[in-house]
Amino acid sequence: MANEVCFRTLSLEDPTSLSTYESIGGYSTWKSIIKGELTAINIVEELKKSCLRGRGGAGFPTGLKWSFLNKDIPGQKYVVCNSDEGEPGTCKDRDIMRYNPHQVIEGLAIAGFAMGADTGYNYLRGEYIEPFSVMEHALGEAYSAGLLGKGVMGSSITFNLYNHLGAGSYICGEETALLNSLEGGRGLPRFKPPFPANFGLYGKPTTVNNTESFASVPVILEKGAKWFLELGTDNSGGTKIFSVSGHVMKPGNFEVGLGIPFADLLSMAGGLATDRTLKAVIPGGSSMKILAGEIMMQVNMDYDSLRNAGSSLGSGAVIIMDDTTCMVSVLLRLAEFYHDESCGQCSPCREGTGWLVKILNRIIKGQGKKGDLDTLVNIANNIEGRTICAFGEAVAWPIQSFIDNFHDEFAFFVKEGHSMIIN
Amino acid sequence: MVKIVIDGHELQASAGDMIIEVADAADIYIPRFCYHKKLSIAANCRMCLVDVANNGKSLPACATPVVEGMQISTKSAKALYSQRSVMEFLLINHPLDCPICDQGGECELQDLSMGYGWDSSKFTEEKRVVADYNIGPFITTNMTRCIHCTRCIRFGKEIAGVQDLGLINRGDDVEVRTYVDETVKSNLSGNLIDICPVGALNSKPYAFQARSWELKSTASIAPHDCLGANIFLHTREQKIFRVVSKDNQQVNDIWLSDRDRFSYLGIQHSERLPKPYFKESNGWIEKNWHDALTLTSAKLKINIDKYTPKQVAGIISPNSTFEELYLFNKLIRALGTNNIDHRIREQDFSDQEFQPLSPTSMMSADDLQTSDGILIVGSNIGVEQPLLTIDIKSAIGNGAKIYVINPIDHKFNFDIAEKIIVNSALLPQLLAVMGQYDGLPGELANSIVNEARSIFASLANCKKVSIVTGAHLYQHKHASTMRVLLIELQKQLSAKLMYLTQGANSTGAWLAGCIPHRTTAGEIVSSNGLSALDSFKENLQTYILFGIEPELDCLYPGNAMNALKQASLVIVCSPYITEQMLGYADIVLPIATFAETDGTYINLFGSKQKTSPAILPIYDCKPGWEVLRDLGNSLDIAGMEYQSNQEVYQEVTDVLQQTKYSNRSNLNKTTKSLKFVSQSADLNLLLEWPENSVDCITRRSYALQQANTFSKPLAYINPEDADRLSLIDGEQIILVQQVCEFPLTLSVEQYVPKNCLYIPLGIEATSNLTEGKIEIKKC
């Protein structure tokens, strides 16, 4: 079974329209909230039972996160949807918004009710112009149908939602940088504590969740926590969209139950080209640690299994590399990305990302020196854990895991001045 | 309170304090760059990482609040490794050009790299280079040296109130710079030099002049405004190289205005008067001091005998030291006249009998910071007292609301809750309306009356109100009326009053007796002498000027110039000699500036602050108190035989202690005689001094002049008046008065109220302005 939660309109005609969405039960949860049939406590408890974990990368239990923002705290509060999908390899939120925008809207409205926030923002990455226009159209439909606004359908519930297009910065996917950007400031991550639940958008209590997390909520409440939980594994409830890319015959987004064996996911994506063997996989977006192909073939795709294997589920972007891949070139490409995207705030990350690129570039040009690999790992170690946000780890982990897993290949390049992979 | 342990020391701390604050208080040093006790926390340099028990990661001490039982190690292997690794990152792209960097020797990066750097770096790649740019006359930029701590950016936002600097680009391309090649505009910008921990932002006038360890430091006072910021003059071999701030919580905290920081450039200026000079039939003749004093006293005696003592007037700069003011008072009174004054920028003295002993404010800077309502009346406070705006900003931070009543819409670097801008002629009426005073001409529009009452109501709801008043009030034609009304308002609001007085030592001048109606310690004189303005209007025979350049320092410079030109004897004690001075003076005696002598200044809060000489008086000039003493002795005036300035100070302090005069008079006695003028159809003059041309020293600092505002020969009027008079912006006009006329360029500005002609004083173009009617003529 696939495409049962966020992609449930995908096979229908005109999947983005309000009528299509309503025909499969969409907005029924929101309407029962408006009728007063659901309480905030019910919603949060149901989410906790469903074991829905944050789909943006960190995997924090969504129900628990929502319980931090008490509905009864007086004053302005906000819910913010993080659609700044920038993690290399990840393109799932884009397709949720392109094909099932109303489910994101309903998820945000439910969240607003559950946490007592009358305003929500959906922050889309700058390049998502098409998803933005789909979301805008859907938002217009929802307002016209009276599903959003002040005193929805004559009730005392108010919820206003705004789509906001960012300016194309990876770091704005970090929730506090996103809030700064949304306020009109530079997208610099904030030092935590205080966390957004206490001091968020405009200094008000705020909950930030990933698009896929929000889009999962209406279905969980429609069909029950148990139903959702059973789609996945015990500690990883529900389905997950995996964005499979790289050396596969049919790359794409696949919404499947958590815990699916990697081998099955690989064959859903058409498998490798003939005569190629699996060399390595980054299982959760480029910031996560790379794993060797033979390890991956034994792993199930859920939070705990991947952690035990030494990496992480991350955002669910599965990057497949076959035996024609030069790991030094891949690492340089990744290091260049992080160099470009460092916000420049903390010294270790600002200076370290550039240093890494300079050394890797030198190695690629055949000017590697003895000790370069130790220096690379040392720089990564010195960035890790010494920065305001988790970007430091995102820089460090690929460097550490690439050199750890493929040390011989790196050492060969440094010594011989060219790659050991001959294409 | 919580108990924590830092490096084995058990410490008490308030919950929520940051580790670095607790460590600083206990004298445990944690290295830092971005942390600054006066700025918000950024936690971006990561230099202050420390080892906190049960935490995998090292935590930034500047941003980690203490909790009960916290065990912190700032020097464990883990903490030191974290700090050293951050230092390595900071240094990889730093040019390490310490030998040619002005920050060398007082650089936080240099110092900390000694303590927290590895002996070598693994970095062997090319370093980053960042372009420099011109951000104005005060600050050099060497942005390759920048470590991106963002102190300068936070300073702009949080202290200066003008965000001139910001970040552009990202990652290691990030640059601190102004927005699209703008210059830094804040008049507190020099503090950026102090606050930058590296050599990225340095002093431009000091660039490549000296090394910090060669300089001798002398504590002094910046005598350019009534706050008297505490400074250190840095000198080497009788040359002043720079001025830096001296911490004083009650006065300037750790900050300086640009005026205070860069005025020193005017001290060793080419216009300094080297020796005493005398005008004789065959031109100007140089004299030695002995001859000069003998001749001066002889000429003075002859003139007094010929024209009576009543024809003598002594006018002294309010920037003089307390000792100079006291000796000047003693000298002038001994000549038999009460024509003595320091109030060169006032014109309404009708309440002088009722004034308190001195115009000292009834409050402290702390009172301003803790007010929840502040009313600014007739002051361009950001120009008059740039440093007080920091206190106002901190009051706003605590929730205070600021209200402004001004004759022109001055821009401020803090947020204003409500403001009323009226033509200066209507200011007294506006104050009267606020204080519910009846019997007015009733010329104020109803909307303004309502606004005034609404501001009063808002202030009445505040717990602690401060009223701050400045130059637009004391320069006003009806300043007396306004002072009375302000006292009335102050009583109704139970407020505290702050007078931003003229010069650096108005309080000292009142106490010392440099006013025509009272002598030292407020002792009433038998018959009142003439005020500065009146003595010029009376065209007397003899003038003794001390420390002023009347053409640029007096409210109606034209009146002064006319009087001086017709007088038979004009004695000028001045640090500088100018073309114009040669035209009106007969004797010029060179005196030292504040950097070359010791002396006392009493600031607006009443604190007596002392300077000490940083360099010897240059050329043949003498400290002002010595010149006055020697002149007194050569005139055989009794009791002028002082050995030191300290003796003078002791004597005046003794006299003051014996005073019986109450420090607070009941000004409301004069309520009956309140004067309200009607707004005439003529243009009302509104005069102001450019912020960097307030005295003879600041006018000669080239850097200050480059950054000066309101100093161009322009006349500003409202667009409606321009239309009425068929004038256009940028047009050459001639201002015509009864006895003179002078050309200016017209500037049409919305912020000028109707019927107002707003022009700068303190510049040559307006040095002929006289009291009286003024008309605009087309060229």
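Tutor: Buried area is the accessible area that two parts lose on being put together, summed over both. Keep in mind that this model is predicted.

Student: How much area is buried between chain B and chain A?

Tutor: The size of an interface is often given as the accessible area lost when the parts come together. Here, chain B and chain A bury about 2,800 Å² between them. Carbon and sulfur atoms give 51% of that area.

Student: Which residues in chain B lose the most area to chain A?

Tutor: They are Phe89(B), Glu125(B) and Arg170(B). Together they make up 26% of what the chain B side buries. The contact takes in 35 residues from chain B and 34 from chain A.

Student: Last, helix packing. At what angle do the axes of H5(A) and H9(A) cross?

Tutor: Roughly 45°, and the axes come within 9 Å. Angles from 65 to 115 degrees count as roughly perpendicular and those under 35 as roughly parallel, so H5(A) is oblique to H9(A).

Student: Which residues meet there?

Tutor: Lys92(A), Asp93(A), Ile96(A) and Met97(A) in H5(A) meet Thr211(A), Glu212(A) and Ala215(A) in H9(A). That contact has three nonpolar, one polar and three charged residues.

Note on methods:
Residues are numbered from 1 along each chain as its sequence is written. Chains are lettered from A and ligands numbered from 1 in the order in which they are written. This is a predicted model: local features need pLDDT of at least 70, side-chain atom pairs count only at pLDDT 80 or more; totals for chains, interfaces and linings use all residues. Side-chain values use heavy atoms; hydrogens and water are left out. Axes are lines fitted to C-alpha atoms, for helices over the stretch in contact, and angles run from 0 to 180 degrees between N-to-C directions. Helices (H or I, at least four residues) and strands (E, at least two) are DSSP runs, numbered from the N terminus. Angles under 35 degrees count as roughly parallel, over 145 as roughly antiparallel, 65 to 115 as roughly perpendicular and the rest as oblique. Contact means heavy atoms within 4.5 Å. Ala, Val, Leu, Ile, Met, Phe, Trp, Tyr, Cys and Pro count as nonpolar, Asp, Glu, Lys and Arg as charged, and the others, Gly among them, as polar. Buried area is the accessible area (1.4 Å probe) that two parts lose on being put together, summed over both.
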